[in-house]
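Subject: Structure handover

Hello,

Here is the structure you are taking over. Please open it beside this email and look up each residue as you read.

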Amino acid sequence: MRRFIITAAVATLAAAALVPPAQARQAIAEPGAETEYVVLYKEGANPAEAQQAIKAAGGSIVKENTAIGLATVTTTNTGFVQAVSGAASIEGSAHNRSIGSVPTARKAAATRAANEVKAVEKAGHGAPAAASTTTSGKPAPAAEPLADLQWDMKQIRATVEGSYRYQQGDRGVLVGVIDTGVDGSHPDIAPNFNSRLSRNFTVDVPVDANGAEVDGPCEAEPDRSCNDPADVDENDHGTHVASSIASPINGLGIAGVAPKVSIVNLRAGQDSGYFFLQPSVDALTYAGDVGIDVVNMSYYIDPWLFNCVDNPADSPADRAEQATVIKATQRALNYAHAKGVTLVGAAGNGGSDYTKEIVDSSSPDFASVPGELPYPRTIPASCVSMPAEGKHVVSVSSTGISKRKAYYSNYGNGYIDIAAPGGDVYDTPANTRDVTKGTLSAYPRALAEERGELNADGTPNVAHVVRSCRGDVCAYYQYLQGTSMASPRAAGVAALIVSRFGLPDRAHGGKKLAPVVVETVLKATATRTACPNPPAYEYTRYLADGSTNITTHVCEGSKLRNGFYGHGIVDALRAVR
């Protein structure tokens with residue numbers, strides 16, 4: 001995918017990079033070149049028969065998810081897909097990634113080519129908060145030093161005067177962060193980080209099939225392997241998400257929505273921000289197996305932003321590949337949901353109504369074979385972005401400080417389930433950029449240093465990075481905006497609901513609450529928010545280069561449920577009272 005964060009200047013596709021689908025798929029792997037696929041078994045198929053079919057087609061299994069029947073396969077056979085598809089035990093297959101050599105350039109985490117539709121909106125900061133007392137006069141937890149900068153937590157009443165007074169979460173409640181990794185050593189994450197259960201399901205990808213750098217050289221110590229530890233984040237996205245959910249109340253920096261629940265890193269995203277099918281599926285089934293209560297998914301599965309099974313713009317091979325992505329992901333979602341995992345996902349940052357026909361020019365966004373490039377496609381509402389549009393997933397739109405739907409947030413009546421604050425730097429009276437309207441959460445110090453954002457004495461030299469110290473311990477934070485930031489705030493409220501109403505989990509310890517109950521409470525306690533009046537809302541943005549951007553989004557539905565806010569904006573206090 002793309003992580004669902006957004007930059008001040010969203011990259012656009014260069015016209016020269018757009019090629020028709022037929023031309024794009026004429027480029028195939030060179031004979032003898034090793035290619036990687038994911039192969040989905042038929043439901044109920046004998047695994048041994050599927051394994052034999054893969055072998056007969058010239059493939060070698062390097063990883064297998066027996067929970068749903070999905071295997072990662074390498075092969076040098078250019079006709080592998082056709083050969084394996086004829087087997088009775090095989091449902092379908094899809095390119096996973098190319099296997100390329102390591103470039104000499106150093107890894108540049110979180111950077112992309114011009115065909116990216118991702119990103120990071122950085123912001124400034126203000127003054128720390130003071131300790132507080134509840135309106136009833138009873139002692140409240142002391143506010144964190146940077147609490148005054150957390151307008152987002154005030155919007156959903158996850159504050160010392162609000163939900164913290166009644167419920168901060170239960171350590172036995174596990175929230176899985178399916179993302180680019182989590183910096184488990186960050187001082188404002190470490191107290192709640194569950195290293196025992198954390199896993200990394202990815203392998204670094206040095207380059208794509210066109211030779212473009214993806215994750216860069218493999219650098220995991222001590223042997224410079226391509227398998228990073230399960231407590232690092234060389235991107236920054238996953239750490240921000242984890243902190244938003246569960247940074248503790250510890251006299252340092254900020255607090256998350258559920259400051260006493262446990263964070264489990266379920267890494268499925270590359271350093272570069274791509275999310276491939278097999279790691280995403282593996283993370284979901286693992287979450288079900290080990291007793292994770294809530295997972296947050298702020299991404300879509302690459303290489304297709306939208307998966308279509310019958311789009312005339314796509315080749316038959318592409319349609320089959322997208323069908324495999326849909327089926328495999330849905331199987332994994334079903335598996336996790338049946339095991340008691342509440343699934344929360346970001347709605348995406350395209351500023352599009354997902355219930356209407358739109359045009360996408362960003363896919364396929366990863367070159368699985370040489371010469372493969374994105375091309376424009378008309379996307380009917382029947383196509384789906386996974387996992388956000390999967391069954392059982394609570395899809396979350398983003399709000400700004402005024403509670404308006406953020407200018408970048410996707411929407412759609414029937415698509416959006418709930419809304420949560422994710423930031424909108426143009427949500428200002430003058431429609432000019434105010435970077436403090438992003439959301440503030442943890443930032444790995446190593447990345448701040450690598451990116452040259454700190455002075456020699458450790459103080460930040462850029463406005464979007466904030467430092468907080470408690471004695472000799474200092475931690476760093478950054479402002480981001482996106483539905484990636486909204487989703488974890490909803491996931492945090494879901495974790496509070498499990499903490500408040502959950503029953504003992506005899507199988508795994510901690511607490512458990514059926515996902516259907518969690519989702520019902522989450523929606524029922526949300527603050528009902530009507531469509532704007534008039535419902536055609538005009539977003540005006542005065543950009544830094546002097547230009548003006550004007551877009552109109554139309555909200556459909558009633559106050560009880562509509563395309564901007566779904567059932568409403570999550571409310572942490574109401575959820576636990």
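First, how to read the values. The model is predicted, so to speak of local features a pLDDT of at least 70 is needed, side-chain atom pairs count only at pLDDT 80 or more, and totals for chains, interfaces and linings use all residues. Residues are numbered from 1 along each chain as its sequence is written, and side-chain values use heavy atoms, with hydrogens and water left out.

Whole chain

The protein chain has 12 helices and 20 strands; these are DSSP runs numbered from the N terminus, with helices being H or I of at least four residues and strands E of at least two. Of its 577 residues, 61% count as buried. Buried means under 20% relative accessible area, exposed means over 50%, and partly exposed is in between, using a 1.4 Å probe and protein chains only. Among contacts (heavy atoms within 4.5 Å) between residues at least 6 apart in sequence, 75% join residues at least 24 apart.

Sheet

Seven strands form an open sheet in the order β6-β7-β5-β8-β9-β12-β13, with parallel pairing. Its edge strands, β6 (199-200) and β13 (418-421), each pair on one side only. Two strands pair if DSSP finds at least two bridges between them; β5 (residues 174-178) and β8 (residues 294-297) are joined by four. Within this pair, Val175 stands opposite Val294.

Cores

A nonpolar core is a set of buried Ala, Val, Leu, Ile, Met, Phe, Trp, Tyr and Cys residues joined through side-chain atoms within 4.5 Å. The largest one has 68 residues, of which Ile245, Tyr477 and Val493 touch the most other members. Helix α10 (residues 483-501) supplies the largest share of this core, nine residues. Another core, of 36 residues, lies apart from it and includes Val295 and Met297.

Val493 touches Leu522, among others, when residues up to four places away in sequence are not counted. Leu522 is one of the buried residues of helix α11 (residues 515-524). The elements covering those buried residues include α10, β9 (342-346) and α12 (572-576).

Cavity

How many cavities of 30 Å³ or more does the structure hold? There is one, and about 50 Å³ of space lies in the largest cavity. A cavity is a set of points on a 1 Å grid over the protein atoms alone where a 1.4 Å probe fits but cannot get out, and lining residues have an atom within 4 Å of a point. Its volume is the space filled by probe spheres set on the points, which are joined across faces, edges and corners.

The lining consists of Val38, Ala94, His95, Asn96, Leu277, Asp302, Pro303, Glu321 and Val325. Strand β4 gives the most, with three residues. By class, five lining residues are nonpolar, two polar and two charged. Here Ala, Val, Leu, Ile, Met, Phe, Trp, Tyr, Cys and Pro count as nonpolar, Asp, Glu, Lys and Arg as charged, and the others, Gly among them, as polar.

Gln278 lies in helix α7 and counts as buried because its relative accessibility is 1%. Beyond four places in sequence, its contacts include Val38 and Asn96.

Pro279 is also found in helix α7 (residues 277-290). At 7% relative accessibility, Pro279 counts as buried. Its C-alpha atom is separated by 5.1 Å from that of Phe201, 78 residues apart along the chain.

Regards

Definitions and conventions
1 Å grid on protein atoms, 1.4 Å probe; cavity = no way out; pocket = protein on both sides within 12 Å on 5 of 7 lines; lining within 4 Å.
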